[in-house]
Amino acid sequence: MAPSTVFMEPDNLLTPKEKNKLRKPVVEKMRRDRINSSIEQLKLLLEKEFQRHQPNSKLEKADILEMTVTYLKQQSQLQMKTAGSFHKSSQFDFREGYSRCLQEAFHFLSLHKVRTETQTKLLSHFQKSQSAATEVAFSPGNPSTLKQASPKDASTLWRPW
């Protein structure tokens, strides 16, 4: 955007220093407009929060920025608190889902009258896994209390391949 003046010299007659001198006020105005626009957007986004703190006062730009910073800090702290409880909840949901899946697979394999050796081994494995999953599901969510498989258990694990 070029500044509008009554008399404009052609660009080739202006030195770079003179060009910068002409552009500076326009660039500065655009920068201030962007800042003001962003502050107004913050005011609109957090209008309810502002009304709660200062219901009948005209907010200055500095007030809007300070209250926005305070609000964002509160939201960040709240998010950190809920993230911890979500992690615990998701662990519980995983354990519950795993246990339910084992029950469904065990039930499905138990429905068939004809049992092959593989099916019998799978049923036996699921029964062991289900009892282990039940123990883990009702133990505290502390990772140090989870049962760790010993190397001896890994060699006795039945695998179909």
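How many salt bridges does the structure hold? The structure holds six, a salt bridge being a side-chain nitrogen of Lys or Arg within 4 Å of a carboxyl oxygen of Asp or Glu. Several of them are described below, after an outline of the chain.

This is a predicted model, in which local features need pLDDT of at least 70, side-chain atom pairs count only at pLDDT 80 or more, and totals for chains, interfaces and linings use all residues. Residues are numbered from 1 along each chain as its sequence is written, and side-chain values use heavy atoms, with hydrogens and water left out.

The chain contains five helices and zero strands, where helices (H or I, at least four residues) and strands (E, at least two) are DSSP runs numbered from the N terminus. Along the sequence the pattern reads α-α-α-α-α. Of the 161 residues in the chain, 14% are buried; buried means under 20% relative accessible area, exposed over 50%, and partly exposed in between (1.4 Å probe, protein chains only). The accessible surface of the chain is about 13,700 Å², and carbon and sulfur atoms account for 60% of that surface. Such areas come from the Shrake-Rupley method with a 1.4 Å probe, and for residues only the protein chains shown count as cover. Taking contacts between residues at least 6 apart in sequence, 43% join residues at least 24 apart; contact means heavy atoms within 4.5 Å.

The average pLDDT (the predictor's confidence in each residue, from 0 to 100) is 75, and 68% of the residues score at least 70. Helix α1 (residues 16-45) has the highest mean pLDDT among the elements, 93, while helix α5 (residues 151-156) has the lowest, 47. Over residues 140-155 pLDDT stays under 50, and the model has seven contacts beyond four places in sequence for this stretch. Where pLDDT is low, the predicted coordinates should not be read in detail.

Which residues make up the largest nonpolar core? Its six residues are Ile39, Leu46, Phe50, Leu59, Ile64 and Met67. A nonpolar core is a set of buried Ala, Val, Leu, Ile, Met, Phe, Trp, Tyr and Cys residues joined through side-chain atoms within 4.5 Å. One member, Leu59, is in contact with Phe50, Gln54, Ile64 and Met67, leaving aside neighbours within four places in sequence.

Is Glu49 buried or exposed? Glu49 counts as buried because its relative accessibility is 13%. Its side chain meets that of Arg52 in a salt bridge of 2.4 Å, N to O. Both residues lie in helix α2, three residues apart, about one turn of the helix. Arg52, with a relative accessible area of 56%, is exposed, whereas Glu49 is buried.

Side chains of opposite charge can pair when their charged atoms come close. Arg100 is partly exposed at 48% relative accessibility, and Glu104 is partly exposed with a relative accessible area of 43%.

Glu117 and Lys121 form another salt bridge, with the closest N and O atoms 3.1 Å apart. Glu117 counts as exposed at 59% relative accessibility, while Lys121 is partly exposed with a relative accessible area of 34%. Elsewhere, salt bridges that share partners join Glu28, Arg31 and Arg32 into one network.

A search of the whole structure finds one aromatic pair. Its members are Phe94 and Tyr98, which are stacked at 6.3 Å centre to centre with 20 degrees between the planes. Rings of Phe, Tyr and Trp (its six-membered ring) pair if their centres lie within 6.5 Å; planes under 30 degrees apart count as stacked, over 60 as edge-to-face and the rest as tilted. Phe94 and Tyr98 are four residues apart in helix α3 (residues 61-111), so about one helical turn separates them. Phe94 counts as exposed at 59% relative accessibility, and Tyr98 as partly exposed at 41%.
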